Amino acid sequence: MTQRKLISFNWAIKKLLRSKANFDILEGFLSELLFEDIKIIEILESENDENEDYDDYNRVEYLIKSNDNCNIIVELQYDYEYEFMHRKLYRTSKIITEHMKQGAPYSEVKKIIIINIVYFDLGQGKDYVYKGTTNFIGIHEKDELQLSQIQKGKLKKESIFQLYSEYYLLKINNFNDFAKNTLDEWIYFLKNEEIKPEFKAKGLKEAKDKLDIMKISGSDLQSYNRHRENLHYLASMAKSVKIEAEEKNWKQGLAEGEKQAKFDITKKMLINGIDIEIISDSTGLSIEEIKLIVKGEG
């Protein structure tokens, strides 16, 4: 059975999912990933509004306020970034400080959940879903530091990690396309832009209906087609840069190989007592270069 073609999630999250009418799609994804019922109150900001064209297609980010007064960052990124981890740390710290009222006590610092959906090889690891939390483990006793009963009552939290930022990293290209649970169904969709009839994950039914390419309006369809063309162009440019670099390295290696061969021949000719001028005429090396070889500096 041929599946209906759906629009790509990065374009959808940038253009359609910020509308309240479509919150149910993102809510489904967040609920499956975080294992709790997430309701989106509002989308506080989008970093993409200030991005240049290239970054706009490579990376999409939204800051979401959820029903438990927690801020959630959802970011989707295609291209490799060497300083990815550092940027996430900076972005998290910036959001914490910018969204804290002046003069408020530290207990009002809002927890941030950072969700990164990446389509490139980040770090070393075989899994496709990683979670990072903050815990304090004793160096000597190996016990985990806990909140006191008073702190639990005042802060309304049971564990310290619940106070700190949480990180979720989804390495989409590591997924083997075999959906074992409802979260896997979402990851399958993120990788293949396809929702199978048997999928039951929260939000996918809505995504299958609202992200059907046949139901996109004229202006949105034009925008989506331009987006797809830009993705092809960017992919072509990235491949061209790679080929150019490989060709440059090959030529450089070839030149270095030829030079090394001349040096080896020169050394053999010197051992056989052949005059330096004759060696220069035969190899194309200058007299100065040959003298350096004689001194062992070449």
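A residue counts as buried when its relative accessible area is under 20%, as exposed when that area is over 50%, and as partly exposed in between. In the predicted model described here, Leu145 has a relative accessibility of 49% and is therefore classed as partly exposed. Leu145 is found in the loop that runs between strand 5 (129-132) and helix 5 (149-155). Together with Phe136, Leu163 and Tyr164, Leu145 makes a nonpolar surface patch of about 350 Å².

Val118 presents another case. Its relative accessible area is 1%, so Val118 is buried. This residue belongs to strand 4, which spans residues 112-118. Leaving aside residues up to four places away in sequence, the contacts of Val118 are with Gln77, Phe84, Leu169, Leu170, Lys171, Ile172 and Asn173. The C-alpha atom of Val118 also lies 5.9 Å from that of Leu76, although 42 residues separate the two along the chain.

Aromatic side chains were examined next. A pair of aromatic rings is described by the distance of the centres and the angle of the planes. Six aromatic pairs are present in the structure. One of them joins Phe84 and Phe120, whose ring centres are 6.0 Å apart and whose planes stand at 75 degrees, so the arrangement is edge-to-face. The cut-off for this class is an angle over 60 degrees. Phe84 is part of helix 4 (residues 84-98), whereas Phe120 sits in the loop between strand 4 and strand 5; the pair therefore ties together parts 36 residues apart in sequence. Phe84 and Phe120 are both buried. Phe84 is also among the residues touched by Val118.

A further pair is formed by Trp186 and Phe189. Their ring centres are separated by 5.6 Å and their planes by 70 degrees, so this pair too is edge-to-face. Both residues lie in helix 6 (residues 182-192), and because they are three residues apart there, about one helical turn separates Trp186 from Phe189. Trp186 has a relative accessibility of 0% and hence counts as buried. Phe189, with a relative accessible area of 1%, is likewise buried.

Key: Residues are numbered from 1 along each chain as its sequence is written. This is a predicted model: local features need pLDDT of at least 70, side-chain atom pairs count only at pLDDT 80 or more; totals for chains, interfaces and linings use all residues. Side-chain values use heavy atoms; hydrogens and water are left out. Patches are made of residues with over 30% relative accessible area and no salt bridge: like charges are joined within 9 Å, nonpolar side chains (Val, Leu, Ile, Met, Phe, Trp, Tyr) within 5 Å. Accessible areas come from the Shrake-Rupley method with a 1.4 Å probe; for residues, only the protein chains shown count as cover. A salt bridge is a side-chain nitrogen of Lys or Arg within 4 Å of a carboxyl oxygen of Asp or Glu. Helices (H or I, at least four residues) and strands (E, at least two) are DSSP runs, numbered from the N terminus. Buried means under 20% relative accessible area, exposed over 50%, partly exposed in between (1.4 Å probe, protein chains only). Contact means heavy atoms within 4.5 Å. Rings of Phe, Tyr and Trp (its six-membered ring) pair if their centres lie within 6.5 Å; planes under 30 degrees apart count as stacked, over 60 as edge-to-face and the rest as tilted.
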